[in-house]
Each structure stands twice: as structure tokens, then as C-alpha cells.
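Biologist: Please show me the sequence and the model. I would like to ask some questions about them.

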Number of protein chains: 2
Amino acid sequence: MDDILQLTLLYDFYGELLTEKQKQVYELHYQNDLSLTEIGEELSISRQAVRDQLKRTEKILLDYEEKLQLVSRFQAQKKAVQEMKHIMEGLEKKNPDASVVKAIAKMKKIADDILS
Amino acid sequence: MDDILQLTLLYDFYGELLTEKQKQVYELHYQNDLSLTEIGEELSISRQAVRDQLKRTEKILLDYEEKLQLVSRFQAQKKAVQEMKHIMEGLEKKNPDASVVKAIAKMKKIADDILS
């Protein structure tokens, strides 16, 4: 998986376990797209201190995942739902029977909610 | 949800964030079914100390869920998959067509894996 995507997922899952300061620096960089220099200026700390802070935050998030494996568990579930959706689409193509089409539409809606 | 079931889920999700001591006392009580007195004897601490330790552990697990909401997120997904399975079963009853039955069997297997 793409590193940034992976980090976004980790932050989505475990971000609430970070300190306010850690969240602030993470969000300024990864969500508001500020450079290390810009964050340093905003917080009156050096560019290097910002970099260290971000590295430490990334390590904390990775450590949580190493212990809990919840992102990978969640991803595995999504993959399984994606697979079901694929089977639904195959079935939809083969069986234009109205009751099948209706049931599949309902299931696809539920699947899409899970995948969104 | 039943308190013990809820606690089991919390421990399943967040248990790895506890200390070895906390895990030991939790498991002796909730998995090996030892009484507080028995645990106290085994660890040479008072029954009250065991009780305090368990209460503290439960509070830690509840605090993680309050912050992260991952158990409730996973439970919501399982409920959605259960709903899909219900629709599959309805479809199965109405449509004895072989290709439908086969596709549903595949999807049910995936759903059961998620629900297990």
C-alpha cells in the first residue's frame, strides 16, 4: 500500500491516542499540506524539530498497528465485501429476473456503505 | 450488549495495549474462570488488590473504546454483513436457478468468514 494512504488509515484508526501537539503537527503537514518549514514558523520551532515530531508520531501509529492489527483486520473485511460485490455484479449480468435484480440492488447498497 | 461479551470484545481489540500484569489478571479471571480470592492466592496479593486491578483494566479498555470506537465500528460492519446474508437467504428461497444458488453459496461463505 501507498505510504501516505497507509499513514492516513493509521491516523484515522489511532489518531485519537496521540497528544494534541502530535495531532496538530500531523494535521498541518498531512491534511493542510504545510511544509516542515511553514509548520516550524507557525509553531516557533525548528524545521528539524517538526521533522522529529512527525517521525515520532508515525512511529507511534505504526507501533499501535503492530500491536493491534486493526487496520489490517478492517482492510481484510473490506476486501471480502469487495469480493462479494464482484459476485453480485456477475449474478446481476446473468440473471435479469426482477426479484434477483432487486435483492442485488439492496445488497450492493449495503456493500457500498461498508466500502465508503 | 451483555457486559461480559462487551468486555471480551474490548479485550480482543485493545488487550495488547495492556501491561503483562493487567493481561495476566484479566485472563485468570475472565478466561480461566478463577475467583478473585484464587487469583489473589496465586499472585500473593489481596482479594481487594485483584478487584482494583480488574476494575482499572476494565476502565482502560473502556477508555480506549471511548476514544477509538473501533469495536462499535466493527460491530456495525458485522451487522451490515448479517443483513446482506439475510437478503441472500431470501433470494435463495425464491430462486432455485442453479447459477443463483452457486453465487449465493460463494457469497455466504465469504459472509460467514467475516461473521466468524
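Biologist: Which residues are linked with Glu16(A) in a network of salt bridges?

Modeller: A salt bridge here is a side-chain nitrogen of Lys or Arg within 4 Å of a carboxyl oxygen of Asp or Glu. Side chains of opposite charge can pair when their charged atoms come close. In this network, Glu16(A) is linked with Glu20(A) and Lys23(A).

Biologist: What should I know about the model and its numbering before we go on?

Modeller: This is a predicted model: local features need pLDDT of at least 70, side-chain atom pairs count only at pLDDT 80 or more, and totals for chains, interfaces and linings use all residues. Residues are numbered from 1 along each chain as its sequence is written, chains are lettered from A and ligands numbered from 1 in the order in which they are written, and side-chain values use heavy atoms, with hydrogens and water left out.

Biologist: How many salt bridges does a search of the whole structure find?

Modeller: The search covers all chains. One of the pairs is Glu58(A) with Lys55(A), whose closest N and O atoms are 3.6 Å apart. The total over all chains is 18.

Biologist: What separates Glu58(A) and Lys55(A) along their helix?

Modeller: Helices (DSSP runs of H or I, at least four residues) and strands (runs of E, at least two) are numbered from the N terminus. Both residues belong to helix α4 of chain A, three residues apart. That separation is about one helical turn.

Biologist: Is Glu58(A) buried or exposed?

Modeller: Buried means under 20% relative accessible area, exposed over 50%, and partly exposed in between (1.4 Å probe, protein chains only). Glu58(A) has a relative accessible area of 16%. Therefore Glu58(A) counts as buried.

Biologist: Which residue meets Glu89(A) in a salt bridge?

Modeller: The N to O distance of this pair is 3.9 Å. The pair links distant parts of the chain, 19 residues apart, with Glu89(A) in helix α5 (residues 70–94) and its partner in helix α6 (residues 98–115) of chain A.

Biologist: In chain B, how many residues apart are Lys59(B) and Asp63(B)?

Modeller: Their side chains form a salt bridge, 2.7 Å from N to O. Lys59(B) is partly exposed at 49%, and Asp63(B) is partly exposed at 32%. Both sit in helix α4 (residues 47–68) of chain B, about one turn of the helix apart, and their separation is four residues.

Biologist: Which residues does Lys21(A) contact, leaving aside its neighbours within four places in sequence?

Modeller: Contact means heavy atoms within 4.5 Å. Lys21(A) lies in helix α2 (residues 20–31) of chain A and is partly exposed, at 41% relative accessible area. Gln53(A) is 32 residues from Lys21(A) in sequence, yet the two are 9.1 Å apart in space, C-alpha to C-alpha. The contacts are Leu43(A) and Gln53(A).

Biologist: Why do the buried residues of α3(A) line one face of the helix?

Modeller: In helix α3 (residues 36–43) of chain A, Leu36(A), Ile39(A), Gly40(A) and Leu43(A) are buried. The arc is that of the directions from the helix axis to the C-beta atoms. Seen down the axis, the buried residues line one face because they fall within an arc of 100°.

Biologist: Which exposed residues does the face of α3(A) turned away from the buried side carry?

Modeller: The buried residues of α3(A) pack against α2 and α4 (47–68) of chain A. The face turned away carries the exposed residues Glu41(A) and Glu42(A).

Biologist: What is the radius of gyration of chain A?

Modeller: Chain A has six helices and zero strands. Its radius of gyration is taken over C-alpha atoms, and the globule rule is 2.2 Å times the number of residues to the power 0.38. For 116 residues the rule gives 13 Å, so chain A, well over that value, is more spread out than a compact globule. The radius of gyration is 21 Å.

Biologist: What rotation superposes chain A on chain B?

Modeller: Copies are superposed by least squares on the C-alpha atoms of residues with pLDDT of at least 70 in both. The shift along the axis is 0.0 Å and the RMSD is 0.1 Å, with a rotation of 180°. That is the relation of a two-fold axis.
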